[in-house]
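User: Please take a close look at one part of this model, the aromatic ring pairs. Then set them in the context of the rest of the chain.

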Amino acid sequence: MGAKPVSLLVIGCGLIGASIAMAWRKVEANARIVGVETNPDHRAQARSLILPQNELNSSGDGAQRAETAAGQRVFDDVLDALPEDTFDVGVLAVPVQAACHLLADVADRAHWVFDVCSVKQPLITRATELNLQERFAPTHPMAGAAAGGPLAARRDLFVGASWLVIAGWPACQRVETMFRAMGAYVVEVASAQEHDRAMAAVSHGVHVASLAVMTAYAQAITESHAQSNVWGQLTGPGFRDVTRLAASPSSFWVSTLLANREAVTAHIERIRGALGDFAQALMQNDAEEVARLLETARLHHEQWQTVHRMRPEQGRE
């Protein structure tokens, strides 16, 4: 599949699903894009991204009007259930448990299917059960935002982002040209197990840590008999950056954390151990050990930044 007009069936019109629709519409203005969304609020918001019919019929040059319409609309239609017609590509932009449940039905309506879930093992198991190894692509874009829903979507969300694909799944080669066309670069991960372990360390565990810091802050206010409106005025960029993820919709994270619970639990224990090392050094008034822990963390961050800067050019491998 090249970067050409294809029909997309987008299951889940939240931040990622709507952003995929926006990004692909930018690449191919005449592509047919139909969304499916069961949340009535999100469905109404996604429908607001459909260009009103009266805009299509407005006066002016026909060619210019058609170009403007194609540039403004995102979805051609947003439904509350799967349509009966068929599509070139189906996108599963829903939590992993829902994606597993819908995979068979979406595969009946689309020649190629890819998911964007941040946990891969359950979907790969389900795809294997359905004998979809040739048509299903397990993928995961490393892009997002604290706010959710279609109104938070952006057509440039994937520009410069890595889009992970799992090795050994032929359909990934068919859809990764779409990812590059949307500005992402493709990174192959050796297995679903490695992907899920990595996500526990770079995403899921980080999210839990952010929530824990936010929860501890609230507990500190209670224990100190302080006023939250006063302490809230004392926060700075560090607090904002560390707790930013606490603003994410909780409904999505319940299924994600449970689906990857073993790897996430293991990483929570690593975080607990690192915090324990700092606590022990502070309790013992051990300045040398505190300095060592701080410097070790700084060096690890420097190493990560070095690797991060080695990413390929924006939108290219």
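How many aromatic pairs does the count come to?

Analyst: The count comes to seven aromatic pairs. The rule takes rings of Phe, Tyr and Trp (its six-membered ring) and pairs them if their centres lie within 6.5 Å; planes under 30 degrees apart count as stacked, over 60 as edge-to-face and the rest as tilted.

Take F114 and W163. Their ring centres are 6.2 Å apart and their planes stand at 75 degrees, so this pair is edge-to-face. The pair links distant parts of the chain: F114 sits in strand β5 (residues 110–115) and W163 in strand β7 (residues 162–166), 49 residues apart. Helices (H or I, at least four residues) and strands (E, at least two) are DSSP runs, numbered from the N terminus. F114 is buried, at a relative accessible area of 0%. W163 is buried, with 0% relative accessibility. Buried means under 20% relative accessible area, exposed over 50%, and partly exposed in between (1.4 Å probe, protein chains only). Ring pairs join F114, F158, W163 and F179 into a cluster.

Now Y217 and F239. Their ring centres lie 4.8 Å apart with planes at 55 degrees, so the pair is tilted. This pair also links distant parts of the chain: Y217 is in helix α8 (residues 192–223), F239 is in helix α10 (residues 237–243), and 22 residues separate them. Y217 is buried at 18% relative accessibility, whereas F239 is partly exposed at 25%.

A word on the basis. This is a predicted model: local features need pLDDT of at least 70, side-chain atom pairs count only at pLDDT 80 or more, and totals for chains, interfaces and linings use all residues. Residues are numbered from 1 along each chain as its sequence is written, and side-chain values use heavy atoms, with hydrogens and water left out.

About 1000 Å³ of space lies in the second largest pocket. A pocket here is an open set of points on a 1 Å grid over the protein atoms alone, where a 1.4 Å probe fits, with protein on both sides within 12 Å along at least five of seven lines; lining residues have an atom within 4 Å of a point. Grid points are joined across faces, edges and corners, and the volume is the space filled by probe spheres set on the points. Of the 25 lining residues, A201, V206, A209, H267 and I271 are the closest to the centre of the second largest pocket. Two or more lining residues come from each of α8, α10, α12 (261–283) and α13 (287–309). Helix α8 gives the most, with nine residues.

Next, the whole chain. It has 13 helices and eight strands. Buried residues make up 39% of its 317 residues. Mean pLDDT (the predictor's confidence in each residue, from 0 to 100) is 88, and 89% of residues reach 70 or more. Confidence is lowest in helix α3 (residues 53–56), at a mean of 42, and highest in strand β6 (residues 136–141), at 98. Over residues 52–71 the pLDDT is below 50.

Last, L151, in the loop between β6 and β7. L151 is exposed, at 59% relative accessible area. Beyond neighbours within four places in sequence, L151 is in contact (heavy atoms within 4.5 Å) with Q45 and S48. L151 and S48 are 103 residues apart in sequence and 9.0 Å apart in space, C-alpha to C-alpha.
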